[in-house]
Amino acid sequence: MKLINKKNNLSLALFFMLIFAIMCACATLVEAKYGVQKAKDLFYNAWYFYLVMIILFINLIISIFQYKIYKKISLFLIHISFIFIFVGAVLTHFYGFEGVLNLREGEFKDEILSANTSIKIIKDNKEYKVDNFNDDLIYDGGILRFVEFSNEAKEEYVSSDNINDKSIIKLNFTYENELYNLELNEYDCNLVKDLNFCFNKVDGDKYVNFNIKNNEFYASTNVNMKRIYQGKEEYLSDDFKFIDGVYYYEDFTFNPILTLTHAKNGYVMSGGDLKAIKVSLNGKDLILPLNKDILYEDMKISWSQDSLKLGYNVYLKKFNLFTYPASNTPKDYESEILIIDNNEKIHASISMNNVLDYKGFRFFQHSYDDDLRGTVLSVNKDLGKIPTYIGYFVLFLGCFLNLFSKHTKTLFKMLSLLLCLFTPKIYADDVNSHLNELNTVVTQDLNGRFLSFYALTNDLCNKLKCPKNLKANEEIFKLITDISYVNEAKLIKVDNDKLKKELNLSDNYAKFSDFYDGPSYKLKDILKQTYAKGEANFSEYDKELIKVDERVNIFYLIFTGELFKIIPEMPDFRLVSPFSDNLNLQNQNIANKYISSLLLAKSTKDYKTANENLNEIKKMQNSYNILPSNNQIIIENFLVKIDAFYLLLKIYCILFLLSLVLIFKNNKIIWYLTFFTFILHLVLLCLRGFVAGFTPLTNTYESLIYIALSSVFAGLVFRKNLLLSLCLLFSVATLFTAHLNDINPQITNLMPVLNSPYLSIHVSLIAASYGFFGLSALISFSYLLCVIFKKPYDKANIQIYLANHLGLLLLICGNFLGGIWANESWGRYWGWDSKETWSLISILIYAILVHLKLKSKLLYALLSMWGFGVILMTYFGVNYYLVGKHSYAGEKSNFESPLWLIISVIILIIFSLVAIRRNLK
């Protein structure tokens, strides 16, 4: 009897794949809560994490022979590729080196700092060291333990036990929506508006004097002020205890940041941008910033990076930051360096997606110093690159051949249609007559992107939330040219009932004058109180208040003409408004002619002269190649005018409803209608890419549009009315999500790291896989409905399997292509970023589903439906709830789940239990 038979071996493999996926998920949660180093120590660099990978590696080798996979060429190539990739990963991880080189202009360095860190104690000339945060550092005299990690630490005053150290107060002021900090040492005074803030000193007609009594801070004042603390409002005068809270005086507020009776220089774990760890040394907490020594008693304690000598010098001649015209948005950044190796000098340039290889080391452009006088290069030495790349090639070849296997070759008859998306750069006499001319004039938005006036006005109206029945270009033009219309136009949307009541509004739209009482801005005081709370404490009312304030500010920028940027200004090319005060003489004459002709046209209703003057400006614009072409402007206006992807949403809704009517009829009309709509969808997406100048897969809106496209493609491939209906439903849901208020449909400038030919292939393959996984989940849901209502659905399992199989192939190829892109752009295939890790979890979960051999159709459908949750977590959850390079949550995670999500999960649980119960009857 064999020690491990086929069934047990497969079960063992699937079990450890599930364990590996769970460990990866836990690691991302630990990273979000405690930092990346803690996640590495507990999971990514832990022995048990390695052990699971080794077990899976050995199991893979056994399976190749046990199942005779070598007889099926496509499956053999897919499985053996992971052996090459695993070997490459081992060589890279254990024998490679990864670090950073921070250079200032004019500086030489021959040493790079490693990504690996260690904690050291030097006592009595003896060094004690530990590399893993989970391990205690035991030294002669005690023990040091890791407590927590922060990448937001800063240098700050901390409490001191020495009574001779100084006392200090730090205050935060909010005035006219701006924040200011004030530091007071003993016997200092500082005037804020007409109120003098002093520490142990009375000075001025109006004052607040802080003093210390019994090691606590008190204040005395000769003005009236109030304090709000823990929701309680208290009016203050004379003497009072100075505690936490927000203090109000006339038109500004202040609150204490720091009050120390005795202070010394030290570090705190939040409020800055330093990396630091907190440790416990014999029960006493210490903060250790990265690469800085801390003296404590008779010891020197440090948390530092390991280093490696290069054997030659690297010199930074110059750092260059290239931005999009007339904006601060980076387009690319470049380091001009000189390598001095003995008597040999090598000049080189390193930029995003342009690396330098020298003597086994590869240099990548990583980031730069804030003052633009220094660069940060990522440097690595990778011994595993060759076996890893061989593994990638074998994997892609195996996946390609597998598409033409017995079960899947029919699914790819139309795959070539998607290749269109893989091309990374596709380059693209009354007032009404004047608007038609103006619609094609190039303008520049607040982010520095060039676009047509027509597109700009639609973006501005979207931001204002203008009424849908109005034409954006007409409304914005009237605001710019007719001052009397400014106080008539009801364009600013206000949804919140409480805010409407405070502004005395009768409906959901406000005029600009509704926000003012004479010269006084009505929201001024409310905004001060809101900002004083801090963003973490904002209520729904507060958030809506800030949004409305932003709309009012945008409205102001519109009618003052500041956003009407149409005149080219040299030498630093930018577009400026004809209403600007800083035009050169030539442009001032052009602007005066145009503005005068507009004023004349307003009274005479004849815009002939205004049109001629505007055409002169357009001729000036056309002389600059940096601006969008006429074809790009025409197409952008067309897409905006028809609201292209919202139109697609409507078409898909109609097709879905029509498909429900014909769902059980052997009628191909729905298939053909969907096919032509798919072609339209593809063309519109390509046109958006032509307008943008790059593949439109760079933000949430565009990726959702592509996922909707891939979902429809999946339905066309299966050629079944029921499956096509489900795919249309999924596409409708995806496009509906894309048009929610929180998702910005605007085309934006491309980030430097995304300016790569890998972008379109990597993102499109992954997004396409989501369409097939979505179809799998919907088929599973439909099968469970059939179980509940006792209706037959015999082919459900094979359809679920095929959708999972195809989605898995696309997901694997997309993710490993991303690994190549990452390695070629910044020097590593994999960084255990939350998005990367959840992509791996998705691969593991769907690999389990594809390999499962279940007799129960119900169980397979349940697992496939719930398995789609990892895709939703990868796409949405990581973006908004975890931390990382692909996350929108910033450096701090937010684990709060919205109520609708909790309700949805509960409904699906109940639905699953009902299906199980009905299946048992």
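## Buried or exposed?

Let's start with a cut-off: a residue is buried when its relative accessible area is under 20%, exposed when that area is over 50%, and partly exposed in between. Keep that handy while you look around this structure, which is a predicted model.

## The cysteines

A disulfide is a covalent bond between the sulfur atoms of two cysteines. The count here comes to 1 disulfide. C189 and C198 are the partners, and their sulfur atoms sit 2.1 Å apart. The link between C189 and C198 is right-handed, with 115° about the S-S bond.

How do the two partners stand for accessibility? C198 has a relative accessible area of 0%, so it is buried. C189 comes in at 28%, so it counts as partly exposed. C653, on the other hand, is in no disulfide: the nearest cysteine sulfur belongs to C727 and is 15 Å away. With a relative accessibility of 29%, C653 counts as partly exposed.

## Two helices that cross

Two packed helices are described by the angle between their axes and the distance between the axes. Take helix α6 (residues 431–439) and helix α8 (residues 472–481): they pack at an angle of about 100°, and their axes are 11 Å apart. Angles of 65 to 115 degrees count as roughly perpendicular, so that is the word for α6 and α8.

Which residues make the contact? From α6 it's V431, N432, H434, L435, L438 and N439, and from α8 it's N473, E474 and F477. Sorted by class, the contact of α6 with α8 has 4 nonpolar, 4 polar and 1 charged residues.

In soluble globular proteins, nonpolar side chains tend to be buried together. In this model, the largest nonpolar core has 129 residues, and F20, L775 and L784 have the most contacts inside it. Helix α20 (residues 758–788) gives the most to this core, with 18 residues.

Now zoom in on F20. Leaving out residues up to four places away in sequence, F20 touches F49, V52, M53, L56, W832, L840 and L844. There is also a second, separate core of 56 residues, which includes C461, I476, L503 and I590.

## A buried asparagine

Finally, have a look at N59, which lies in helix α3 (residues 47–66). Is N59 buried or exposed? Its relative accessibility is 6%, so N59 counts as buried. Not counting residues up to four places away in sequence, N59 touches N9, L12 and A13.

Notes:
Residues are numbered from 1 along each chain as its sequence is written. This is a predicted model: local features need pLDDT of at least 70, side-chain atom pairs count only at pLDDT 80 or more; totals for chains, interfaces and linings use all residues. Side-chain values use heavy atoms; hydrogens and water are left out. A disulfide is a pair of cysteine sulfur atoms within 2.5 Å. Buried means under 20% relative accessible area, exposed over 50%, partly exposed in between (1.4 Å probe, protein chains only). Axes are lines fitted to C-alpha atoms, for helices over the stretch in contact, and angles run from 0 to 180 degrees between N-to-C directions. Helices (H or I, at least four residues) and strands (E, at least two) are DSSP runs, numbered from the N terminus. Angles under 35 degrees count as roughly parallel, over 145 as roughly antiparallel, 65 to 115 as roughly perpendicular and the rest as oblique. Contact means heavy atoms within 4.5 Å. Ala, Val, Leu, Ile, Met, Phe, Trp, Tyr, Cys and Pro count as nonpolar, Asp, Glu, Lys and Arg as charged, and the others, Gly among them, as polar. A nonpolar core is a set of buried Ala, Val, Leu, Ile, Met, Phe, Trp, Tyr and Cys residues joined through side-chain atoms within 4.5 Å.
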